[in-house]
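Visitor: Hi, I'm new to this one. Can you walk me through it?

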Protein chains: 2
Amino acid sequence: MSPQTTIIGDGQMALVLADALAERGVSARLWGPLEAPARHLAATRRSERLPGFELDRRVEVLTDPAAALSGTEIIINAIPTQFMRAVWTRLRTHLPGNACIVSVTKGIENDTLLRPSQVITETVADASRVSEGCLCVLSGPTIAAELARRLPATLVAAAVDDDLARRVQNLFNVKWLRIYRHDDVIGVEVAGAAKNAIALAAGMVDGLGAGHNAKSALLARGLAEIARLGTAMGARTDTFFGMAGVGDLATTCFSPEGRNRTCGERLGRGETLDAILASTRSVVEGVPTTRSLKELAASLGVDMPITNAVHAILFEGLSPRDAIRDLMGRELKAEQVG
Amino acid sequence: MSPQTTIIGDGQMALVLADALAERGVSARLWGPLEAPARHLAATRRSERLPGFELDRRVEVLTDPAAALSGTEIIINAIPTQFMRAVWTRLRTHLPGNACIVSVTKGIENDTLLRPSQVITETVADASRVSEGCLCVLSGPTIAAELARRLPATLVAAAVDDDLARRVQNLFNVKWLRIYRHDDVIGVEVAGAAKNAIALAAGMVDGLGAGHNAKSALLARGLAEIARLGTAMGARTDTFFGMAGVGDLATTCFSPEGRNRTCGERLGRGETLDAILASTRSVVEGVPTTRSLKELAASLGVDMPITNAVHAILFEGLSPRDAIRDLMGRELKAEQVG
């Protein structure tokens with residue numbers, strides 16, 4: 001018998017995961033943090049966040065936390081990183097004691113510098129039995145707009161407990177998704193967060209018209225700096241060279257539909273960050289996460305030249321053109337990976 | 001004082017490297033293996049291989065091996081893999097004793113299963129003092145059509161002798177090229193060869209309209225199988241996760257101008273290999289190299305499911321659609337890298 005599931009969030013990833021659960025015949029509820037859009041979604045099965053997508057009628061859309069979480073066994077976190085703490089504070093008294101949590105959020109919380117799964121465990125710690133052993137991270141090359149069209153994609157389900165990873169693998173086992181099990185929770189979560197800063201830079205390369213060779217070089221150097229950060233945080237190197245690492249980085253840097261890449265492209269063309277964010281309905285995770293990444297790298301003594309350049313462009317007024325030129329012009333040297 | 005250089009070949013890479021040498025103020029000759037196209041290039045400075053490109057007048061185009069190689073200090077090999085043995089057999093008696101060779105060819109010779117630099121050393125062994133210590137491999141994310149427009153790109157110069165790598169780094173130091181030094185000649189050469197089979201598969205994903213998520217998953221799994229092959233051949237793992245590995249793989253899989261990706265896309269759309277090759281002026285290195293890769297993998301006991309699927313499509317009549325479905329549908333399992 002399949003478990004009762006609840007998706008927390010009504011953004012792009014929440015919607016496409018609900019679609020997979022419904023197709024799999026899993027009982028799924030979707031809880032939206034804001035009344036108005038959730039009611040609109042419940043009534044129309046449509047969302048401005050994902051044009052063209054229609055939510056399966058079997059997915060129950062709710063705004064009451066108690067009703068959404070009552071008796072649920074697997075809770076899927078799809079709330080943008082910087083809003084997670086507030087949302088999970090609202091939810092925590094309603095959590096069933098035996099629920100496991102699957103997080104698909106990709107970012108690092110500002111100021112605390114915590115990964116999404118850490119934000120959850122910290123927030124619910126005194127209200128629930130949710131432990132690290134009952135947390136799974138689901139990540140991979142999954143631009144939501146493609147999942148909405150049910151194009152084939154691959155994810156990793158990373159958990160300390162392989163049985164939980166196996167349950168999650170089985171839960172999303174529909175014909176257009178392929179799930180690998182993994183055990184490096186830290187690595188998978190850091191890879192998912194850090195790739196968004198590189199994707200912003202990749203978009204700038206596009207906006208400047210610098211070409212695929214330059215963008216691919218940036219991808220390779222970006223992967224190296226992500227791996228340096230991750231291993232300094234306790235992750236395994238090989239995670240970054242797998243599906244949740246280079247796989248996710250590639251689709252994020254190359255898919256025209258990626259939000260971070262698209263934001264970077266507009267910056268590269270000369271638009272201001274404020275104007276871009278004001279015109280975007282969805283959260284661009286890479287923007288706040290770049291702040292956290294720069295702080296993390298500094299505190300751990302890790303060299304992240306691309307991430308730091310993106311930070312300087314987003315928050316310190318450096319022009320994308322000057323930044324890319326600086327990155328290309330760094331002193332000729334021997335290549336170093338990891 | 002800059003050295004006398006000779007480029008062997010008149011294909012896309014030969015032309016764009018000649019452009020860089022001319023811009024750098026290095027004396028460069030270009031030797032073409034066939035009279036008619038070389039004479040056309042010498043007269044018009046244009047080539048059908050690279051529409052829109054004009055060869056700098058300072059580059060001397062020659063067809064006589066003795067004149068091309070007389071007194072030259074650095075010889076750049078840009079001949080397609082399967083033609084190298086015949087060409088170098090013609091050249092070997094004309095080689096100056098103290099010349100170093102830089103190879104930019106990406107492939108594995110059929111039947112012998114040798115890398116390009118090995119083909120050179122084997123072919124010239126009894127006629128010249130060219131040794132492994134005087135061989136450099138130059139590789140990276142460098143779709144030629146972008147280099148022809150002088151868009152920024154990055155390469156690695158790999159040699160056992162770091163002084164030679166430094167000379168090559170300096171030789172191509174123009175404002176649109178950035179060269180890293182490297183010492184893993186085997187790894188850089190295997191990465192450059194094996195990525196072409198993955199790029200054929202990536203093109204098929206495009207031709208089938210399967211999307212960027214699927215292509216990025218393929219890239220990640222392809223990188224893992226390239227790394228497995230390379231390490232079995234004596235290369236270092238980290239080479240595959242650097243510029244000449246994942247960097248080159250990314251541009252080859254994503255640039256619309258890549259020849260291997262384009263060939264794969266046409267296969268994915270249902271064209272036959274014979275029809276595609278008949279309509280292509282340039283050599284599609286991945287096609288013969290896939291034969292060699294399958295043999296190499298079998299002889300070394302390395303699992304290369306994507307490369308083997310590409311082989312089955314190219315030479316055994318498997319349809320791209322069935323192959324991609326087989327790859328996506330392999331038994332759910334834990335991810336393994338390297």
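Guide: Happy to. Helices here are DSSP runs of H or I with at least four residues, strands are DSSP runs of E with at least two, and both are numbered from the N terminus. Also keep in mind that this is a predicted model.

Visitor: Is L95(A) buried or exposed?

Guide: Buried: its relative accessibility is 9%, and the cut-off for buried is under 20%.

Visitor: What about phi of R45(A)?

Guide: It's near 60 degrees, which is a positive value in a residue that isn't glycine. You'll find R45(A) in the loop between helix 2 (35-44) and strand 3 (60-62) of chain A. R45(A) is buried too, at 5% relative accessibility.

Visitor: And D111(A), what's its phi?

Guide: D111(A) isn't a glycine either, and its phi is positive at about 70 degrees. Its loop runs between strand 5 (100-103) and helix 5 (116-124) of chain A.

Visitor: Is D111(A) buried or exposed?

Guide: Exposed, with 67% relative accessibility.

Visitor: Let's do a helix. How many residues of helix 12 of chain A are buried?

Guide: Seven of its 10 residues (the helix covers 259-268), so helix 12 of chain A is largely enclosed by the rest of the structure. The buried residues are N260(A), R261(A), C263(A), G264(A), E265(A), L267(A) and G268(A).

Visitor: And what comes just after helix 12 of chain A?

Guide: There G270(A) takes a positive phi of about 105 degrees.

Visitor: Switching to chain B. What does V16(B) touch, leaving aside its neighbours within four places in sequence?

Guide: V16(B) is in contact with L50(B), A144(B), L147(B) and A148(B). V16(B) and A148(B) are 132 residues apart along the chain, yet their C-alpha atoms are separated by 5.6 Å. V16(B) is part of helix 1 (residues 12-24) of chain B and counts as buried, with 3% relative accessibility.

Visitor: How about A86(B), buried or exposed?

Guide: Exposed, at 53% relative accessible area. A86(B) is in helix 4 (residues 81-91) of chain B. Its C-alpha is separated by 10 Å from that of I120(B), 34 residues away along the chain.

Visitor: What should the 21 residues of helix 9 of chain B span?

Guide: At 1.5 Å a residue, helix 9 (residues 212-232) should span 30 Å, and its end C-alpha atoms are 30 Å apart, which agrees. Just past its end, G234(B) has a positive phi of about 105 degrees.

Visitor: At what angle does helix 9 of chain B pack with helix 11 of chain B?

Guide: About 145 degrees, with the axes 11 Å apart. The crossing of helix 9 and helix 11 of chain B is right-handed. On the helix 9 side the meeting residues are H212(B), K215(B), S216(B), L219(B), L223(B) and I226(B), and on the helix 11 side they are G245(B), V246(B), L249(B), A250(B), C253(B) and F254(B). By class, that contact of helix 9 with helix 11 has eight nonpolar, three polar and one charged residue.

Visitor: One more pair. How do helix 8 and helix 15 of chain B pack?

Guide: Helix 8 (residues 185-207) and helix 15 (residues 305-315) of chain B pack at about 70 degrees, with their axes 9 Å apart. That makes helix 8 and helix 15 of chain B roughly perpendicular to each other, and their crossing is left-handed.

Visitor: Which residues meet there?

Guide: A197(B), I198(B), L200(B), A201(B) and M204(B) in helix 8 meet I306(B), T307(B), V310(B), I313(B) and L314(B) in helix 15 of chain B. This contact of helix 8 with helix 15 has nine nonpolar residues, one polar and no charged ones.

Technical notes: Residues are numbered from 1 along each chain as its sequence is written. Chains are lettered from A and ligands numbered from 1 in the order in which they are written. This is a predicted model: local features need pLDDT of at least 70, side-chain atom pairs count only at pLDDT 80 or more; totals for chains, interfaces and linings use all residues. Side-chain values use heavy atoms; hydrogens and water are left out. Axes are lines fitted to C-alpha atoms, for helices over the stretch in contact, and angles run from 0 to 180 degrees between N-to-C directions. Angles under 35 degrees count as roughly parallel, over 145 as roughly antiparallel, 65 to 115 as roughly perpendicular and the rest as oblique. A crossing is left-handed if the near helix is turned anticlockwise from the far one by less than a right angle, and right-handed if clockwise. Contact means heavy atoms within 4.5 Å. Ala, Val, Leu, Ile, Met, Phe, Trp, Tyr, Cys and Pro count as nonpolar, Asp, Glu, Lys and Arg as charged, and the others, Gly among them, as polar. The expected span of a helix is 1.5 Å times one less than its number of residues. Buried means under 20% relative accessible area, exposed over 50%, partly exposed in between (1.4 Å probe, protein chains only).
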